[in-house]
Amino acid sequence: MATLVEIEDPADPRLADYRDLRDVELRKALEAEHGLFLAEGEKVVRRSVEAGFEPRSFLMAPRWLEGLGDVLATTDAPCYVLSEALAEQVTGFHVHRGALASLERRPLPSVESVVAGARSVLVLEDLVDHTNVGAIFRCGAALGFDAVLLAPRCADPLYRRSIKVGMGAVFTLPWTRVDDWATALPSLSELGFTTVALTLADDATEVEQAVAGLDKVALVLGSEGHGLSPRWERAADRRAVIPMAAGIDSLNVAAATAVACYVTARRS
């Protein structure tokens with residue numbers, strides 16, 4: 001059972017994991033250094049613990065203790081109990097969902113282990129927006145994809161904002177980062193996947209046609225600003241496009257992922 005610790009001082013050193021959550025650069029450095037990540041909200045906290053991640057501690061207002069009582073009963077980690085006003089002083093924002101948890105990160109698995117047995121995989125190159133990464137994980141999980149692979153410079157899917165937007169999909173959808181950006185797509189082809197790049201290239205075919213009849217598919221998506229790098233676009237086995245109405249050239253990457261995942265999940 002978690003130990004309940006009432007806190008009255010926002011400067012209490014035991015709250016270090018939860019400070020300055022709005023400062024993205026500071027949080028990335030702190031979380032990498034200490035091997036932790038944060039989950040926010042009752043549902044996400046619950047899903048993180050149920051997925052087997054080890055809690056370092058919890059932070060919550062008194063009114064959330066009962067709702068998460070069964071989760072707190074599974075661990076000896078401390079639960080810091082403080083008013084919502086005090087929590088806002090510590091974190092830098094209004095914790096309207098009432099509960100936070102700090103959890104231990106796990107070592108990333110190999111690409112081969114993540115895609116073993118998979119038929120549908122998402123591959124992300126240099127997406128820098130945590131909201132988009134979280135939304136893409138949610139799309140993939142909701143539409144039956146088996147795994148997500150990230151290029152080295154992609155935003156962290158365990159960053160608080162990513163987890164929150166993805167509703168904890170990162171805890172159940174297998175993922176890892178590719179070891180070598182330059183050879184990532186050819187390596188997937190060697191593992192039996194047909195890599196399909198979402199692009200506006202002139203030789204791109206409609207996504208429904210591009211994925212038709214394929215057994216193992218890896219949908220490849222590029223950054224928010226410039227899309228896929230020329231190298232990854234050329235390295236893909238096929239290039240696909242989502243047809244647009246006149247006057248619009250493309251969708252936001254998360255919206256495009258949702259459409260492409262839906263089509264791919266229903267390929268014949």
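Is Arg46 buried or exposed? Select Arg46 to begin: at 18% relative accessibility this residue counts as buried, where buried means under 20% relative accessible area, exposed over 50% and partly exposed in between (1.4 Å probe, protein chains only). The model is a predicted one, in which local features need pLDDT of at least 70 and side-chain atom pairs count only at pLDDT 80 or more, while totals for chains, interfaces and linings use all residues. Residues are numbered from 1 along each chain as its sequence is written, and side-chain values use heavy atoms, with hydrogens and water left out.

**Salt bridges**

Arg46 lies in helix 2 (residues 42-50) and Asp70 in helix 3 (residues 69-72), so the pair ties together parts that are 24 residues apart in sequence. Helices (H or I, at least four residues) and strands (E, at least two) are DSSP runs, numbered from the N terminus. Asp70 is partly exposed, with a relative accessible area of 45%.

Next, select Arg56 and Asp17. The closest N and O atoms of this salt bridge are 2.8 Å apart. Arg56 belongs to strand 3 (residues 55-60) and Asp17 to the loop between strand 1 (3-6) and helix 1 (24-34), so the bridge ties together parts 39 residues apart in sequence. Arg56 is partly exposed at 27% relative accessibility, and Asp17 is buried at 11%.

Move on to Asp126 and Arg153, whose side chains form a salt bridge of 2.9 Å, N to O. Asp126 sits in the loop between strand 6 (120-124) and helix 6, and Arg153 in the loop between strand 7 (147-150) and helix 7, so parts 27 residues apart in sequence are tied together. Asp126 has a relative accessible area of 16% and is buried, whereas Arg153, at 63%, counts as exposed.

Finally, select Arg27, Glu31, Arg105 and Asp156, which are linked in a network of salt bridges. The count for the model comes to 14 salt bridges.

**Helix 4**

Which residues of helix 4 are buried? Select residues 84-91: Leu86, Ala87, Val90 and Thr91 are buried. They cover an arc of only 125 degrees around the axis, which puts them on the same side of helix 4; the arc is that of the directions from the helix axis to the C-beta atoms. Ala85 and Gln89, on the other side of helix 4, are exposed. Just after the helix, Gly92 takes a positive phi of about 95 degrees.

**Val114**

Select Val114, in helix 5 (residues 111-115). Val114 is buried at 8% relative accessibility. Apart from neighbours within four places in sequence, Val114 is in contact with Pro109, Ala147, Leu149, Pro174, Trp175 and Thr176, contact meaning heavy atoms within 4.5 Å.

**Pockets and cavity**

On a 1 Å grid over the protein atoms alone, a pocket is an open set of points with protein on both sides within 12 Å along at least five of seven lines, a cavity is a set where a 1.4 Å probe fits but cannot get out, and lining residues have an atom within 4 Å of a point. The second largest pocket holds about 260 Å³ of space; a volume is the space filled by probe spheres set on the points, which are joined across faces, edges and corners.

For the largest pocket, select Leu198, Thr199, Leu200, Ser250 and Leu251, the closest to its centre of 23 lining residues. This pocket holds about 460 Å³. Strand 12 (238-241) and helix 11 (253-265) each supply at least two residues of its lining.

The last stop is the largest cavity, with a volume of about 30 Å³. Select Gly134, Phe137, Pro157, Ser162, Ile163, Gly166, Gly168, Ala169 and Val170, which line this cavity. Helix 6 (130-142) and helix 7 (160-165) are the elements that give two or more residues to the lining.

Note on methods
Salt bridge = Lys/Arg side-chain N within 4 Å of Asp/Glu carboxyl O.
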